[in-house]
Amino acid sequence: MARIRRIPKVVWAIAGQAGLVALQVVLLQEHAAVSGSWLTRLIPLAPTLFAQYMIWRLFLNPYVSFGQDRFRVNNLFTHYLVPYHSITALEGRTALTLVVSGYGRLPVAALDAAPLTGKAKRDAVAQELLRRRDAAVPRAGHGFEKRSTIGLPEWLGPVTSLALLLVGSFASSFG
């Protein structure tokens, strides 16, 4: 199942995260010259971790993907699995909004308003959705699903802990 996102959002998000990492390295090196404890060197890292998470949440997390029987919409804090046969209409001039029978309008954050590049990708996804909707056959057990989440992926805790450990050990080796 391929995930579809807007490429400019992904490029800006990766560039933003790389910039934050570079800024954090500079801050750790300056702070290392002033203090001797590796624990106090990690204090400037906390705002950067939050900024990294927010960049991931806003730009890299939203996506759409086509399944065999359902369309997956992964928005900022909500995940939808929409059966193709229940999509009644597609709306939006620049952003994509699904009209689902019995559930109303569902915005698609991965294909939001983009003045130049977003409309072509939105139209391609809309055409594929219409094609799959026309060929869809309702199947038992493949209904509409909505899941809300605060957005913390399972891997964030261990990766953050490992990153803090590596940065702390790296910073303490120079102190």
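This is a predicted model: local features need pLDDT of at least 70, side-chain atom pairs count only at pLDDT 80 or more; totals for chains, interfaces and linings use all residues.
E128 is a partly exposed residue, with a relative accessible area of 22%; here buried means under 20%, exposed means over 50%, and partly exposed is in between, using a 1.4 Å probe and protein chains only. Residues are numbered from 1 along each chain as its sequence is written, and side-chain values use heavy atoms, with hydrogens and water left out.

So who does E128 pair up with? One partner is R131, and their closest N and O atoms are 2.5 Å apart in a salt bridge. That term stands for a side-chain nitrogen of Lys or Arg within 4 Å of a carboxyl oxygen of Asp or Glu. E128 and R131 are three residues apart in helix 4, so about one helical turn separates them. (Helices, H or I with at least four residues, and strands, E with at least two, are DSSP runs numbered from the N terminus.) The other partner is R132, with a salt bridge of 2.7 Å from N to O. E128 and R132 also both lie in helix 4, this time four residues apart, again about one turn of the helix. R132 is partly exposed, at 25% relative accessibility. Put together, E128, R131 and R132 are linked in a network of salt bridges.

R133 is partly exposed at 24%, whereas D134 is exposed at 61%. By this rule, the count of salt bridges comes to five.

Now for the inside. In soluble globular proteins, nonpolar side chains tend to be buried together. In this model, the largest nonpolar core has 19 residues, and F71, V82, L98 and L129 have the most contacts inside it. Such a core is a set of buried Ala, Val, Leu, Ile, Met, Phe, Trp, Tyr and Cys residues joined through side-chain atoms within 4.5 Å. Which elements each supply at least two residues of this core? They are strand 2 (63–66), strand 3 (70–74), strand 4 (78–83), strand 6 (97–100) and helix 4 (118–135). Helix 4 gives the largest share, three residues. Apart from this core lies another one, of seven residues, among them L20, I55, W56 and L60.

Take a look at L129 and what surrounds it. Not counting residues up to four places away in sequence, L129 touches F66, F71, Y84, I87, L90, L96 and L98; a contact means heavy atoms within 4.5 Å.

Next, find A89 in strand 5 (residues 87–91). A89 is partly exposed, with a relative accessible area of 29%. Leaving aside neighbours within four places in sequence, A89 is in contact with T97, L98, V99 and R133. The C-alpha atoms of A89 and A126 are separated by 9.8 Å, and these two residues are 37 apart along the chain.

Last stop: the loop between strand 3 and strand 4, where you'll find N75. Is N75 buried or exposed? N75 is buried, with a relative accessible area of 8%. Its side chain reaches the backbone oxygen of P107 at 2.8 Å. Beyond residues up to four places away in sequence, N75 touches N61, Y80, P107, V108, A109 and A110.

Notes:
A polar contact is a pair of N or O atoms within 3.5 Å; within protein, one must be able to donate a hydrogen and the other to accept it, and residues adjacent in sequence count only if both atoms are side-chain atoms.
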